[in-house]
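Here is a short briefing for a first look.

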Amino acid sequence: MVMHLKLFILILVLCFFSSTTSAEEEAIKEAIQPLFPGAEIESLKKTPYLGLYEVVVGGEVFYTDENTDYFFLGHVIDTKTRTSLTNARLEEIKAARRVPLDSLPLDSAIKIVKGNGKRQLAVFTDPNCPYCKQLEQALLDITDITIYTLLYPVLNGSAELSKNIWCADDQIKAWDDFMLKGIAPTAKDCETPLAELIQSGQQNRVTGTPTLIFADGSIVGGMIPGTAIEERLQNASKE
């Protein structure tokens with residue numbers, strides 16, 4: 001009977017602290033929300049260090065005190081392991097984030113179908129990006145895939161180049177010629193979806209090229225080898 005009573009009291013205490021913490025976090029979230037007009041505070045939770053609260057907005061992590069008097073930008077380092085706790089948290093956020101393929105402007109992509117085309121991959125890419133060129137080489141050996149190439153001209157000179165590729169009579173040939181052979185497309189004028197693609201990239205927090213988005217919505221920022229792409233394609237098809 002005594003043990004049952006102690007357990008009951010412990011449960012009550014835990015519930016009290018849990019509800020108190022939730023209330024504090026909600027109050028802090030409401031206090032700082034006006035500082036981010038038009039942006040969603042994705043998460044806010046108390047950290048185990050210095051009484052700080054972790055705030056995630058736009059995929060970025062920063063910290064605030066309980067009175068929201070100060071914001072702290074930068075990395076929290078564990079002195080024992082000499083590792084960045086902030087980096088680890090950013091990797092968790094990135095791994096958990098998903099972008100559904102059907103939410104992207106795929107009608108404005110250069111669509112490349114190889115083999116049966118059953119597997120799908122969307123790539124935000126810049127024709128002047130050297131890592132994007134490496135990615136194109138890696139994709140050569142991958143088949144049974146539909147690749148949606150989303151032109152994302154963020155580097156100097158890339159907007160005009162992207163326009164000429166999009167306006168080419170054969171977009172796929174113009175893309176392959178430039179990315180794989182270094183043959184520049186003929187200058188042409190036409191209506192392009194570049195503004196829409198840039199807006200989509202910004203909305204989906206694409207901060208660099210290439211950015212790969214798989215059928216399960218998982219995201220990889222940066223160049224990865226063909227073996228890693230193949231593995232992710234297989235995993236995405238199982239979802």
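Asp 177 and Lys 181 sit four residues apart in helix H5, about one turn of the helix. Helices (H or I, at least four residues) and strands (E, at least two) are DSSP runs, numbered from the N terminus. This is a predicted model: local features need pLDDT of at least 70, side-chain atom pairs count only at pLDDT 80 or more, and totals for chains, interfaces and linings use all residues. Residues are numbered from 1 along each chain as its sequence is written, and side-chain values use heavy atoms, leaving out hydrogens and water.

**Salt bridges**
- The structure holds nine salt bridges (a side-chain nitrogen of Lys or Arg within 4 Å of a carboxyl oxygen of Asp or Glu).
- Asp 177 pairs with Lys 181 at 3.7 Å, N to O.
- Asp 177 also forms a salt bridge with Lys 173, at 2.7 Å, N to O.
- Lys 163 and Asp 189 form another, at 2.7 Å, N to O.
- That pair links distant parts of the chain, 26 residues apart.

**Exposure**
- Buried means under 20% relative accessible area, exposed over 50%, partly exposed in between (1.4 Å probe, protein chains only).
- Asp 177 is buried at 11%, Lys 173 is partly exposed at 48%, and Lys 181 is exposed at 62%.
- Lys 163 is buried at 17%, whereas Asp 189 is exposed at 68%.

**A buried strand residue**
- Ile 145 lies in strand S9 (residues 145-151).
- Ile 145 is buried, with a relative accessible area of 0%.
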